[in-house]
Amino acid sequence: MSNANSPPPVPPPTGPGSPQDVPPPPGSFPIDPATLPQPIRDELQAPDPAAIDTAADELKDGLNRCPKCGSTEIRQKPGTDLLICLYCRNEWQGEGVEEAFGLGEGIDQLDGTVIASGARDINADAASLMTFKCPGCGAEVTVNTENAMTARCHWCRHVFGVNEQVPNGAVPDAVLPFHIKKDDAVARIRQFVDKRRLFALKAFKDEFTPENVVAVYLPYMIVDGKVSADVSGHGEIETRRYTKGSGDDKKTYYDADVYQLDRHVDFTVDDLPLESSAQRGNLDARTNTNNIINTIQPFDTKNAVKWNASYLSGVTSEKRDLDVEKLRPRLEDELLSIARAQVEQSVAGFDRGVRWEQEKVSVHGSRWVAMYLPVWLYSYHQPGRNGGMLHYIAVNGRTGETMGSVPVQQWKLLMTALAVGTFLEAIALFIVGHSS
Amino acid sequence: MSSDGGMWILLLGPGGATALYWTLYRYYRNTDKSHDFEHETDVVAKPVTGSEQKVDEVNGTRETRISGDNVHQFRKRVQRVHGDSG
């Protein structure tokens with residue numbers, strides 16, 4: 001009786017900001033700022049945090065022990081991909097995962113599903129708490145892989161990390177080390193919020209401490225694919241435009257030819273990122289602000305290095321909880337979106353638009369690599385109904401791209417909108433009064 | 001219908017207030033933003049192929065666009081035809 005019901009399937013995320021809405025072009029703003037009152041205009045026109053391009057940086061990796069002295073006091077050298085031994089100051093670099101596994105090549109020859117070892121299915125009974133025997137003294141040390149990948153032995157002070165791939169999905173194939181330092185991330189978050197203070201929630205402004213930003217490695221699946229897609233529908237081309245009536249009664253009419261259309265496109269995608277945590281993958285902007293973390297993509301995943309837990313010392317991490325098969329519908333959805341974007345140009349001649357009615361995607365081959373990507377995350381919890389809303393401000397740990405959700409002081413925003421509306425209405429009444 | 005000439009301007013107040021509210025709300029909350037993966041992913045595409053055939057004419061419509069126009073809404077899914085997927 002009790003096990004008769006399985007939970008209903010979770011509906012796909014919808015609403016503004018979800019994958020169903022194409023985002024506006026970067027830097028675009030629907031209202032001309034010049035028409036707005038001065039204080040609002042000042043905020044809008046303040047500079048955005050700049051994003052840098054790190055695509056050409058060197059690739060590094062290493063062992064968990066310093067190759068020179070054998071110490072385990074290894075950290076990532078801040079701002080670089082280098083690992084540094086805190087004992088003998090030795091610095092070293094390793095191989096990039098792209099070259100090591102040949103991930104950038106042969107996408108057009110992909111056939112079937114290729115899954116890298118770190119992206120294999122998660123064992124249902126695998127625990128996230130893992131106990132290791134300390135290689136230094138033999139004591140047992142526990143690592144909670146839900147949020148950390150390294151630990152220090154309390155007895156002999158050895159630092160060790162989860163390096164071998166374990167069945168709970170916590171160890172990815174590759175990691176993209178942080179490049180943006182904390183000071184830099186704090187400055188970007190401050191700059192982002194300074195542009196949004198006028199109507200921000202008072203409690204948010206009072207409690208704003210960007211120094212509390214945390215470095216997190218978030219789990220992603222990086223997918224290459226060889227795909228073909230077909231879409232069909234109807235399009236219209238205007239043939240004639242004319243007006244009937246005169247004066248206030250003038251109306252425009254159109255004649256158009258209707259065409260039945262179909263389009264086919266073969267393409268390959270390289271390094272398409274998918275959130276491999278079910279919680280992060282839910283982008284419903286009405287209930288969470290995960291779309292903020294989604295927006296700071298892309299990462300320069302070409303520069304990722306082979307997994308080494310030393311990159312994660314002092315940094316929290318989130319464990320992957322989705323397998324390849326669970327992510328496949330999401331992949332196909334994104335591939336269809338890409339296909340529709342690809343064929344857009346070929347139907348530009350249909351000046352009255354196109355109504356696509358059917359679409360089909362065939363994934364001939366795909367390659368899946370599990371990767372940890374670096375994010376600086378500042379969060380603020382706004383109390384409210386249904387547990388309130390957790391607002392994120394996120395900084396891409398590689399490029400510095402910054403995006404955030406700043407809670408709004410509703411009454412202030414409403415009053416301003418009403419005041420501006422009243423002003424506009426007064427002008428309208430003035431015009432109507434004088435024209436009649 | 002004929003007497004509404006000029007009266008639409010009275011919508012300026014409510015319309016302006018609503019537009020300003022939503023614009024600023026989105027500027028603060030960024031609910032409409034997400035990763036523009038259609039354009040920010042490395043995609044190598046072969047030339048698009050396809051056909052088009054005139055099937056009908058419409059005359060004297062007042063609509064400026066085809067009904068259900070979704071050419072720019074890449075993420076609005078339409079009827080899915082299932083093919084071979086490997």
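Where in α7(A) is the kink centred? In this predicted model, the kink is centred on Arg330(A) and amounts to about 25°. The helix itself, α7 of chain A, covers residues 324–344, 21 residues in total. From its first C-alpha to its last it reaches 29 Å, close to the 30 Å expected at 1.5 Å a residue. Buried positions in α7(A) include Leu331(A), Glu332(A), Glu334(A), Leu335(A) and Leu336(A). Ser337(A), Ile338(A), Ala339(A), Arg340(A), Ala341(A), Gln342(A) and Val343(A) are also buried. The buried residues of this helix pack against elements of both chains: β10 (214–244), β11 (251–275) and β14 in chain A, and α2 and β1 in chain B.

Confidence in the prediction was considered for the complex and for each chain. The predictor assigns the complex an ipTM of 0.87 and a pTM of 0.80. Chain A has an average pLDDT of 81, with 86% of its residues scoring at least 70. Within chain A, the pLDDT is below 50 over residues 52–63, a stretch that has 34 contacts in the model beyond near neighbours in sequence. Where pLDDT is low, the predicted coordinates should not be read in detail. For chain B the mean pLDDT is 85, and 88% of the residues reach 70 or more.

Strand β14 of chain A, residues 354–382, pairs with several other strands. With β10(A) the pairing is antiparallel and extends over 22 bridges; Pro219(A) stands opposite Tyr372(A) of β14(A). Tyr372(A) is also the bridge partner of Val175(A). Val175(A) lies in strand β9 of chain A (residues 174–175), which pairs with β14(A) in the parallel sense over two bridges. A further parallel pairing, over four bridges, is made between β14(A) and strand β4 of chain A (residues 112–115). There, Val114(A) has Arg367(A) of β14(A) as its bridge partner.

Strand β15 of chain A (residues 389–396) runs antiparallel to β14(A), and eight bridges join the two. His381(A) has Leu390(A) in β15(A) as its bridge partner. The two strands form a hairpin with six residues between them, and in the turn Asn386(A) has a positive phi of about 50°. Pairing of β14(A) also crosses to the other chain: two bridges join β14(A) to β3(B), and these strands run parallel. In this pairing Gln358(A) stands opposite Gln79(B).

Other strands of chain A were also examined. Three of them form an open antiparallel sheet in the order β1-β2-β3. Its edge strands are β1 (74–76) and β3 (91–92), each of which pairs on one side only. Strand β2(A), residues 83–85, is joined to β3(A) by two bridges in the antiparallel sense, and the bridge partner of Leu83(A) is Trp92(A) in β3(A). Elsewhere in chain A, strand β5 (residues 129–133) pairs with strand β6 (residues 140–144) in the antiparallel sense over five bridges. One of the residues involved, Leu129(A), has Asn144(A) in β6(A) as its bridge partner.

Chain B contains two helices and three strands, which follow the pattern α-α-β-β-β along the sequence. Of the 86 residues in chain B, 24% are buried.

The contact between the chains takes 93 residues from chain A and 72 residues from chain B. On the chain B side, the elements giving two or more residues are α1 (12–29), α2 (37–40), β1 (42–45), β2 (49–61) and β3 (79–80). Helix α1(B) provides the largest share of that side, 14 residues. By class, the side of chain B that touches chain A has 24 nonpolar, 28 polar and 20 charged residues. Two of the chain B elements on this side, α2 and β1, are also those against which buried residues of α7(A) pack. A third, β3(B), is joined to β14(A) by two bridges.

Notes: Residues are numbered from 1 along each chain as its sequence is written. Chains are lettered from A and ligands numbered from 1 in the order in which they are written. This is a predicted model: local features need pLDDT of at least 70, side-chain atom pairs count only at pLDDT 80 or more; totals for chains, interfaces and linings use all residues. pLDDT is the predictor's confidence in each residue, from 0 to 100. Two strands pair if DSSP finds at least two bridges between them. Two residues are in contact if their C-beta atoms, placed from the backbone, lie within 7 Å. Ala, Val, Leu, Ile, Met, Phe, Trp, Tyr, Cys and Pro count as nonpolar, Asp, Glu, Lys and Arg as charged, and the others, Gly among them, as polar. The expected span of a helix is 1.5 Å times one less than its number of residues. The bend at a residue is the angle between axes fitted to the seven residues ending there and the seven starting there. A residue is buried if 20 or more other C-beta atoms lie within 10 Å of its own, exposed if 12 or fewer, and partly exposed in between; C-beta atoms are placed from the backbone.
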